[in-house]
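The following paragraphs lead through the structure shown here, from its loops and backbone to its cores and salt bridges.

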Amino acid sequence: MVSGAGYAGSGPAVPLALVASTTSLAKRLLLGRPFRSDKLQHTLLPKRIALPVFASDALSSVAYAPDEILLTLSIAGAAAFAISPWVTLAVAVVMVTVVASYRQNVHAYPSGGGDYEVATVNLGPRAGLSVASALLVDYILTVAVSVSSGVNNLGSVVPWVGDNKVGVAIAAVAVLTALNLRGLREAGVAFAVPTYLFILVILGMIATGLFRIFVLGEDLRAPSAGLTITAEEHHLTSFAFVFLLLRTFSSGCAALTGVEAISNGVPAFKPPKSKNAATTLMLLGGLAIVMLAGIVLLARMTHLQYVEDPGTQIVANAGFYEQKTVTAQLAQTVFGDGSFMFLLTGGITALILFLAANTAFNGFPVLGSILAQDRYLPRQFHTRGDRLAFSNGIVFLAGAAIVLIIAFQAETTRLIQLYIVGVFVSFTLSQGGMIRHWNRLLKIQRDPERRRRMIRSRAINTFGMGLTGAVLIVVLITKFLLGAWIAIAAMIVFYALMLAIHKHYTRVAEELQPTEERPVLPSRNHAVILVSKVHQPTLRAVAYAQATRPDTITAVTVNVDDKDTRNIQAEWERRELSVSLTVVDSPYREITKPIIDFVKGVRRASPRDVVTVFVPEYVVGRWWENLLHNQSALRIKGRLLFEPGVMVTSVPWQLRSSQDRDLERLDRGLSRAPARGPRFHPEPTPPDDHDQIGADQK
């Protein structure tokens, strides 16, 4: 066997490369130390942490849903603001219905598939894929809308932020990405304090304002109460006014986004998972309704006015008027302009809007992992990173959201028109799937008490499907031309892409399926050694090829320069190598094609023969060295892989620079292969209706 100094360095094994160590250190500072796989159970969330993790999106909607309701009504003039409580009541009814419906979902399907799993199991794979497409688009929009809204709110307080909205929004997405890459529990702890503080501040503002009005009898008036509002449309027909009300209602339904995230994130809850998820859903619905209704009611009691276009709709005595958000105006009215509570309300509202994107950062990766396991997305989406988070899904979501932020210049008003279409598609199909689920169980259930519970659950889901389906139609009619068509087009693209990925994986699996026939052994093995120079890598390749004991062995070099070829032949003869050297002429100085033709010629004699091509390669330690070496070898290997009956064997020769590589870091990176396994581990639960549901489903 030929050996050389380059094979195993005699120098010290350390130090490692400084660049690799610095990169590893930076990663650890940002993401923390990696978790072992058996520590997954310790990352599960209790209800007090799960609420801010999964519900921050729906809770934060009270910071912009009232704005959307009032500014849409302002098109008809100030008198239309009187309808805002009734619109809010309609939104609250939808919220109660959706929460009640999803409580059935989390009990029946605790594996974390949520709407996707419900639709797939009960309505078929195509319906499930439609739901998945809608949810993936909606999650991306959730990040873009929430972060953009936070930047806009912060920009009204800090002018520099308003002048650099896109850059600040991208930075916010980057910070959220880093926090979520650290793992669910750490992200939840980081977001719990501001989320609970936001809830306390908003509820405190509502309670204080209503107490001063109804108990103390004070006449609180918002800063915009005395302004004169002109309608954009002075003479609305009955049909146009109804259309305006429907558009207002659809804008207010933005408060429902994020409700479905809990059903997708059930596996992240501590046991009993289903019960804890259902309780969290109830808390989410109650808090969101109270805060939304409280803000709208307080806005009416303080005569607050909020318009779509302040420049044309507000007739102000003092020239330019800068319109503050509804929450900011109410805080100024209740707590006083410039007070600590006023500043706290503005700051915590902007912060919670940033953190609302965290709902999508938890829902999107889990759904992506399930889709990858079902072969609808690349398997990399099912891979957990160092911190046991689905890192690839998190990074993809962040990248897609940043693209939207740049494309729409972080303008909430433009992005909001794309919003909520996807979530109501998933709501409606999910409830349809649950109706079929209960119908199937009722056919086999004979216990009267359990039948009554199932009939009640079916009634809830039936009402939910009818209501969310009606809302979906309203949203499509009122928002289609305003931008909803973009979201629909994105859903179609996701649907077609996932269908194509699934077909590819299915086709590959069928091709790789072993047959009952015993494999036919090759008749003979012909070894071909590629020679560019007579040096240590070549001598090692010759020795290794001989050690494999092939039937025939040949060394091949391509003649692109007569002088170099003669030098190779002379050195070959001087060393008296026992392997014959074949020179393949190449008048046009090509290398790859002459070798391919030679290999084909060797194998052409018998289809059952195989050819093993030995390719000497340098192993380098620096990325830029790869640009200077191995390019011809890579081209030849890449081409030979398409030849049937040809095996390609790399024979490495480690250069000294390779000894400086941080091999432990390289091993950790290469070990992160896509994992396959069961979607979830069922937890023991007391016997009830849901045990029967799970048994019937199996």
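Helices (H or I, at least four residues) and strands (E, at least two) are DSSP runs, numbered from the N terminus. The model is predicted, so local features need pLDDT of at least 70 and side-chain atom pairs count only at pLDDT 80 or more, whereas totals for chains, interfaces and linings use all residues. Residues are numbered from 1 along each chain as its sequence is written, and side-chain values use heavy atoms, with hydrogens and water left out.

Glu576 is located in the loop between α21 (562-574) and β5 (581-585); its phi is positive, about 55°, although the residue is not a glycine. With a relative accessibility of 69%, Glu576 counts as exposed, where exposed means over 50% relative accessible area, buried under 20% and partly exposed in between (1.4 Å probe, protein chains only). His303, in the loop between α12 and α13 (310-313), likewise has a positive phi, near 60°, but counts as partly exposed at 35%. The loop between α11 (260-264) and α12 (273-301) holds Pro272, and the peptide bond from Pro271 to Pro272 is cis, with omega near -10°.

The interior can be described through its nonpolar cores, that is, sets of buried Ala, Val, Leu, Ile, Met, Phe, Trp, Tyr and Cys residues joined through side-chain atoms within 4.5 Å. The largest has 140 residues, among which Val147 and Phe424 touch the most other members. Helix α6 (residues 125-155) gives the most to this core, with 16 residues. Leaving aside residues up to four places away in sequence, Val147 touches Ala169, Ala172, Val173, Leu176, Leu353, Phe354, Ala357 and Ile405, contact meaning heavy atoms within 4.5 Å. A second, separate core of 16 residues includes Leu530, Val558, Phe598 and Val615.

Arg524 lies in the loop between α19 (448-512) and β3 (525-530) and Asp609 in the loop between α22 (592-604) and β6 (610-619), so the pair ties together parts 85 residues apart in sequence. Arg524 is partly exposed at 39%, whereas Asp609 is buried at 1%. Lys637 and Glu617 also meet, at 2.7 Å from N to O; Lys637 belongs to helix α24 (residues 631-640) and Glu617 to strand β6, 20 residues apart. Lys637 counts as buried at 17%, and Glu617 counts as buried at 11%.

Notes. A salt bridge is a side-chain nitrogen of Lys or Arg within 4 Å of a carboxyl oxygen of Asp or Glu.
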